[in-house]
Structure formats: structure tokens, C-alpha cells
Amino acid sequence: MSFIEVSSMSKTFKVTKRSSGVRSSVKSFFKRDYVYIDALKSISFEVARGEIVGYIGPNGAGKSTTIKILSGILRPDSGVCKINGMIPYEDRERYVSNIGVVFGQRSQLWWDIPAEDTFDLLKDIYKIPKDDFISRKNELVSLLNIEEIIKIPVRQLSLGQRMRCEIAASLLHNPSILFLDEPTIGLDAVSKKIVRDFIKKINKERDVTVILTTHDMSDIEALAKRIIMIGKGEVLYDGTLQKLKNKYDNIKHIKVITNTKVGSIRKKGIIDKRKIDGGYEFDVDSKIIDVSLFLNYLSNKVEVKDIDIENENIDEIIIKLYQEYEI
Amino acid sequence: MKQYFTYFKISFISGLQYRVSALAGLSTQFFFGFVFIMIYLAFYETEYDSAPMKFNELVTYLWLGQAFFSLMYLYHKDKELISMIRDGNISYELCRPQNLYWKWYIKIFSSKLSMVLLRFFPVIIIAFLLPFPYNLSLPNNMFSFIFFVISMIIGAFLVTSLSTMVHIIAFFSLDEKGIMSMFMVIADLFAGGIVPVLFLPKFLQLIADYLPFRYIFDLPYRIYSGNITGMTAVSNVLIQLLWVFVSIGIGYYLNKRILSKVEVQGG
């Protein structure tokens with residue numbers, strides 16, 4: 001049996017619907033119209049202990065709903081979700097002492113007091129023995145580089161500083177699973193890097209299973225070997241990032257520095273040609289024309305001074321995927 | 001247990017920070033105390049014989065009401081809990097290994113307690129020193145005073161469990177305004193918040209006897225002034241205690257039911 005096991009899990013929300021304006025407001029006072037939204041339609045997947053899984057999908061795809069069910073906050077309408085032998089929403093109080101959760105758009109820290117005081121409160125909530133608490137706190141604090149930051153009232157922290165404290169707070173009780181719902185949202189490059197390095201490290205050293213949702217594909221590239229993509233409440237792709245890339249990463253951007261003027265080139269597989277500073281940039285479909293073939297072809301025509309081959313950005317791959325599945 | 005105590009400590013300390021609001025509250029309490037007494041004074045001058053309470057009992061009742069207002073008033077809204085419910089921050093509450101009911105109970109209790117501790121003492125002292133007939137009287141006798149204290153403590157638990165219940169229902173309906181206003185009007189009427197229960201029409205008094213609300217503060221204040229004494233006081237305090245258990249039981253059960261159907265607002 002897998003560590004995390006989700007099979008045909010569904011969740012529907014009932015939402016009141018009304019159009020804007022006074023008339024429809026009055027109308028809805030007497031008669032409410034409801035629409036049912038299928039947030040999750042029979043989702044199934046399994047995760048092994050110690051894996052990092054990137055959970056991606058466009059807004060409203062059901063990512064947060066899944067995380068909320070997995071962390072015991074919501075109850076699915078049907079289907080099974082078993083984690084570490086427990087059913088999160090049935091066994092909530094026992095289950096949650098073994099997980100850490102970070103919701104990137106919310107805060108678990110007390111606004112008016114320094115993060116360190118919240119840590120003390122968490123120590124009592126999770127009944128962490130004093131020695132364990134101190135050693136773990138010191139370790140987390142130095143790894144995330146927040147020694148000074150945890151002494152300042154949370155309301156005065158920048159987003160990046162606060163997020164590092166949030167992550168530390170969610171790991172004080174040494175959970176075996178960590179759910180991260182958009183942990184890097186709104187962070188600058190430096191904070192992002194600290195957060196990513198940290199996640200990698202605790203995954204490796206403590207064998208923490210990490211499930212991470214994000215819209216930032218560089219998070220996924222840096223962290224997750226495996227991704228699960230959902231859209232409209234269904235699992236669309238479940239596999240390695242590399243496989244996805246191989247499948248869709250056929251467009252190469254090739255920059256060629258040359259003094260020669262290149263006229264119109266007509267050859268199958270060359271999608272676009274743009275003039276850039278000191279040369280040209282070509283978009284080439286490597287499924288139709290091999291990159292080496294293209295270079296051969298080009299060097300026969302022009303004098304090539306320098307070339308630079310770039311793979312397609314993962315963001316573009318995802319956009320393509322979304323388009324393919326019409327989500 | 002320790003986690004709840006720590007939680008109590010933090011909520012209590014953060015409640016004590018609000019000194020300006022305590023001062024503002026104090027002046028409101030004095031204002032209303034005087035206004036009420038003067039209204040009843042006019043009433044007693046013409047209709048003294050038909051009045052259900054002696055005038056000094058009534059004045060004492062009113063001053064105690066003002067002194068302990070922030071502990072006993074029913075329209076208690078915990079801003080943090082409400083905003084958590086509204087914006088979905090409740091998610092974090094739900095992924096902690098603790099019982100939500102007791103956590104909320106303690107949160108509401110500690111904020112009420114910290115509020116009243118900043119307010120009750122000046123009102124009591126000044127009301128004692130006021131000239132007759134505006135003054136707060138001493139307790140009827142030692143028995144009355146001891147029973148007053150016991151009944152106040154139970155009353156504080158009772159109002160907290162009712163408040164907690166309302167917050168839990170608000171969590172379920174995702175909007176606190178409707179349920180709280182409705183609760184407020186009914187509860188306040190039968191609690192004796194608008195006029196003391198003895199001033200209500202007979203049939204409303206009869207209904208009030210079967211509801212928990214009059215046991216919140218109407219009972220202890222009347223015990224203090226000697227309006228309720230002896231075995232009646234004892235049996236009333238027992239009923240009061242019973243209501244605490246009943247309302248905690250209902251709230252706890254509702255909390256359990258609601259958690260299985262909860263929806264969380266926002267992404």
C-alpha cells in the first residue's frame with residue numbers, strides 16, 4: 001500500500017448564483033439559485049514516502065481543494081483518501097499532528113507578536129518535548145536564516161521573511177508529510193531560492209514527503225521529479241517532468257550571430273525567423289527537422305559566427321498542455 | 001490541557017493591550033448607568049406600589065449590569081474568529097491537533113475576561129460612592145455574596161458557551177450577521193438586558209424560566225441584592241449549572257456535525 005493513496009475522490013460545491021444589480025439582489029432574497037461546481041471529478045493517484053510531487057493546474061482546477069482534503073480540512077463527497085494508514089477527515093486530530101501545511105496566501109503566525117512566540121504556542125499545541133523543540137527550532141531557524149527575523153512582530157516582516165517563518169512553523173513538530181500550497185507566491189528571486197533549497201534539503205535529509213502546488217514552473221523544475229497536472233477536476237497528466245518535456249519540448253529557439261544577410265528561408269520545420277541584434281533567431285520544430293540538420297543547412301548558406309540553442313520555456317509547455325486539454 | 005492554557009494566556013494578554021477601548025467603554029457604562037436609573041426613578045415616583053423590585057435592588061441590578069457588561073453581554077463577536085471564517089484562514093485552525101470547540105471556547109472566555117478585568121472595578125467603586133438613591137448597595141448578606149460569586153462564575157461560563165455556539169453556527173452559515181442579530185434580540189430580551197426579567201409581562205417571564213438566558217446575569221444580580229434568597233437561590237444556581245452543561249453539550253455536538261460539512265471560503 002502506498003503512503004498516500006487517493007482513489008476516485010470527488011467533491012462538489014454548492015454555490016449561490018446571482019447576477020449583479022439591485023433587481024437580481026432583491027430576487028435572490030426570496031429565491032436563491034444554486035449552481036453545483038464539480039471541484040474534483042474522480043481523482044486518483046498514489047504517492048510514495050519521500051517523494052516530492054508537484055501538483056499543477058490552472059486557477060480553479062481543484063488544486064487547493066485537493067490539498068484541503070489531504071490535510072483533513074474538507075471531506076470528499078465520495079472516494080477514498082488514505083494517508084499513512086489514516087483517513088484525514090475521519091481521524092482529523094490524530095492525523096494532523098503528523099503533517100505540516102503551508103498555505104501561501106494565508107498566515108498561521110500571530111500578527112501582533114514575534115514569530116518566536118507563535119512557535120512557543122505551537123510547541124504546546126503539538127505537545128513537542130522541550131529538548132526536541134529547541135534543537136529543531138535552532139536547526140530550522142539557521143537553515144532558513146531567520147535568527148533575527150523571528151524576534152520581530154510578524155506585521156513588520158516582508159513577505160519573503162514571513163514565508164520563511166511560516167515554513168519553519170509548519171515543520172516544528174517534525175511532520176512526515178508537508179503540504180505546500182503556493183509557497184513561493186509573491187516572493188523575490190532570493191527568497192524563492194532559499195525556500196526551494198530548504199524544501200530539497202528536508203526532503204533529502206528527513207525523508208519528508210512533499211506535495212506542492214504552484215503556478216511557478218521554475219519551482220517544479222527545481223524541486224519535483226514528478227508532476228500531477230489537473231484541470232477541470234480531473235487528472236490530466238501524472239508522470240515525470242522529463243517525459244512531459246520530451247513530449248512537448250520540440251520547439252528550439254536558435255540564435256545565430258552572423259554578418260550575412262539572410263533572405264527568406266523556406267524549409268519544413270522552421271517555424272519563425274526574427275531579426276535580432278547582430279543576427280537572427282529561428283524557432284525550429286526539432287520533430288520535423290533535426291537541430292544538426294538545420295545547422296548544416298544554415299552554415300551552407302551563411303557564415304555563422306556564433307550560435308545559441310535554447311529549449312522552450314517550461315511555462316510555454318504548460319500553456320500548450322492547457323490548450324491541448326482545453327482547460 | 002497545557003496548550004489550551006497557553007492559548008488562554010496569549011489571548012488574555014493581547015486583550016489587555018486595549019486600554020483606550022477600556023476607557024471608552026467605562027464612560028459608556030457610566031452614561032448608561034445614570035440614564036437607566038433616572039428613567040426608572042421617574043417610573044417609581046408615580047407607580048411605586050406596582051413595581052416588581054425595590055428601588056435599591058433595581059439600582060444595584062443596573063450598576064452590576066454596567067460593571068460586568070463586557071463579561072455578560074450576549075452580542076459578543078470575536079473579530080478574529082469572524083474574519084477567519086470570512087476569509088478562510090480557518091484552514092489553519094483545522095489542521096491543528098486540537099479540538100476546535102474548546103479552543104474557541106477558551107478564546108471567547110479569555111477575551112471576555114480580559115475586557116471585564118479592565119472595566120468592572122472603577123464602576124463598582126464609583127457606584128458605591130454615589131449619593132442615595134443612585135448608589136450601588138452592599139450585598140444583602142454574606143450568604144447572598146457567596147452565592148453571587150458562585151453564580152457569576154457559572155454565568156460567565158454559560159454566556160461563553162452560548163457565544164461559542166453562535167460562532168459555530170456562523171461558521172456553518174459562513175455569515176455571522178443574520179444569526180447573531182437574531183440571537184441577540186431574543187436572548188437579550190429573555191436575559192433581562194432590555195429590562196430586568198421581573199419587569200417583563202407575566203407570560204414572557206414564564207417563557208424566560210424555560211430558557212437559559214435569564215440565568216446568565218439576571219440571576220446573580222438578583223441574588224446579590226437579596227431579591228432571590230435561600231432555597232430559591234440554591235435551586236436556581238443548580239438550574240444555571242445544568243444549562244452550562246446542556247449548552248456546552250449542544251455546542252460540542254454542533255461543532256462535530258459542522259466540521260463534517262464545512263466549506264472554506266477563498267482559494
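Strand 10 (residues 251-258) and strand 12 (residues 279-285) of chain A pair in the antiparallel sense over 7 bridges; strands here are DSSP runs of E, at least two residues long, numbered from the N terminus, while helices are runs of H or I with at least four residues. Two strands count as paired if DSSP finds at least two bridges between them. This is a predicted model, where local features need pLDDT of at least 70 and side-chain atom pairs count only at pLDDT 80 or more, while totals for chains, interfaces and linings use all residues. Residues are numbered from 1 along each chain as its sequence is written, with chains lettered from A and ligands numbered from 1 in the order in which they are written.

**The sheet in chain A**
- A:Ile254 has A:Phe282, in strand 12 of chain A, as its bridge partner.
- Zooming out, 4 strands of chain A make an open antiparallel sheet, ordered 11-12-10-13.
- Strand 11 (270-276) and strand 13 (304-311) of chain A sit at the edges with a single partner strand each, so one side of each has no neighbour in the sheet.
- From one strand to the next, the twist averages 20 degrees.
- Helix 10 (residues 291-301) of chain A lies across strands 10, 12 and 13 of chain A, at about 155 degrees to strand 13 (angles run from 0 to 180 degrees between N-to-C directions, with axes fitted to C-alpha atoms, for helices over the stretch in contact).

**Domains of chain A**
- Chain A splits into domain 1 (50-245) and domain 2 (250-311), with bounds from an automatic or database domain assignment.
- Their C-alpha centres lie 44 Å apart.

**Where chains A and B touch**
- Chain A puts 22 residues into the contact and chain B puts in 20 (contact means C-beta atoms, placed from the backbone, within 7 Å).
- On the chain A side, helix 2 (63-70), strand 5 (99-103) and helix 4 (115-125) each supply at least two residues.
- By class, that side has 10 nonpolar, 6 polar and 6 charged residues (Ala, Val, Leu, Ile, Met, Phe, Trp, Tyr, Cys and Pro count as nonpolar, Asp, Glu, Lys and Arg as charged, and the others, Gly among them, as polar).

**A helix pair in chain B**
- Helix 7 (residues 100-129) and helix 8 (residues 142-173) of chain B pack at about 125 degrees, with axes 9 Å apart.
- Residues meeting there include B:Trp104 and B:Phe109 from helix 7, and B:Ser161 and B:His167 from helix 8.
- By class, this helix contact has 5 nonpolar, 5 polar and 1 charged residues.

Note on methods
Contact = placed C-beta atoms within 7 Å.
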